[in-house]
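Here is a quick look at how one protein model is held together. Have the structure open while you read, and follow the contacts as they come up.

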Amino acid sequence: MRLRARTAAVTLILAMIAGLITAPAVSAEVEHPRQQWLRDSTAGLFLHWGMFTAPRHLDCAAWERDVTEGGWSADYWVDEARKLGASYIVLATFHSRLGYARPWPSAIPGSCATKRDLLGELVKAGQAKDVRIILYMTDDPQWHNEQGVETLDSAAYSAYKGRQVDLTTRPGFGMYSYDLFFEVMEKYPDLAGFWIDNDNEYWEQNRLYEQIRERRPSWLLSNNNEDTPIMDTVSNEQKTGMTPSYDYPQAAWTPMPR
């Protein structure tokens, strides 16, 4: 009996030591130096802006032309953000209900992409004035023809990949958007991170988040609705079905310690 008691005690001590060893590694993802600028921030500007923002455009080239001829200026956007006391801008243009528009020249076909590098201009303007730029990315293909036009080009992306891919399905769109994450990481090293709307099974199966961490360790990752452990922040957009109940107007509950 004494031997069993001693064995149990040793096992318990070893388990406690193991817990102490592993605890810092776990907390490092939710308490990390890369997050400090966000913890010090008091406000950010979340911009939903794309092809279907009023006035609505159904053609990518026409949208870009009107944006340019209308005098679009990255400096103006950054200056307006600073007037609000915002430390960062989240650009939600590659949005499921705004035409999946990419405000950067892209080598990957599949949805609207501008020839003018609007994203690059915004990142540069923000960097000059200490306003960080975070890029919104969606996992959701279901609104691909909501406006009566097809906004996802499966044929063009299939030709690019050398295999049949249906972008209107979650696996197909997951593959497409997965490629876009890597294109953005390569082209815009001064971006501050990704604001990711939910999860896609293709991303998880192919370790997307872990690869972002490896390639851009200083970037923030935020997830809408899901408290995914690897994320730096979580934004609970849904108003029902949470335990404890979430008071959206008062933001009374947020998963700790984010």
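## Salt bridges and packing

At 33% relative accessibility, Arg132 counts as partly exposed; here buried means under 20% relative accessible area, exposed over 50%, and partly exposed in between (1.4 Å probe, protein chains only). Its salt-bridge partner is Asp130, which is exposed at 59%.

Before going on, some housekeeping: this is a predicted model, where local features need pLDDT of at least 70, side-chain atom pairs count only at pLDDT 80 or more, and totals for chains, interfaces and linings use all residues. Residues are numbered from 1 along each chain as its sequence is written, and side-chain values use heavy atoms, with hydrogens and water left out.

A search of the whole structure turns up 14 salt bridges, each one a side-chain nitrogen of Lys or Arg within 4 Å of a carboxyl oxygen of Asp or Glu.

| Pair | N to O distance |
|---|---|
| Arg97 and Glu146 | 2.3 Å |
| Asp179 and Lys161 | 3.1 Å |
| Arg132 and Asp130 | 3.9 Å |

Arg97 sits in the loop between β2 and α5 and Glu146 in the loop between β3 and α6, so this pair ties together parts 49 residues apart in sequence. (Helices, H or I of at least four residues, and strands, E of at least two, are DSSP runs numbered from the N terminus.) Arg97 is partly exposed at 38%, and Glu146 is partly exposed at 34%.

Asp179 lies in helix α7 and Lys161 in helix α6, so their bridge links parts 18 residues apart in sequence. Asp179 is buried at 15%, while Lys161 is partly exposed at 32%. Elsewhere, salt bridges with shared partners join Arg34, Arg213 and Asp232 into one network.

What else meets between those two helices? Tyr157, Tyr160 and Lys161 in α6 meet Met175, Tyr176 and Asp179 in α7, with contact meaning heavy atoms within 4.5 Å. The axes of α6 (residues 154-161) and α7 come within 12 Å and cross at roughly 65°; axes are lines fitted to C-alpha atoms, for helices over the stretch in contact, with angles running from 0 to 180 degrees between N-to-C directions.

Then there's the largest nonpolar core, with 56 residues, of which Leu119, Leu191 and Phe194 touch the most other members. Such a core is a set of buried Ala, Val, Leu, Ile, Met, Phe, Trp, Tyr and Cys residues joined through side-chain atoms within 4.5 Å. Its largest share, nine residues, comes from α7.
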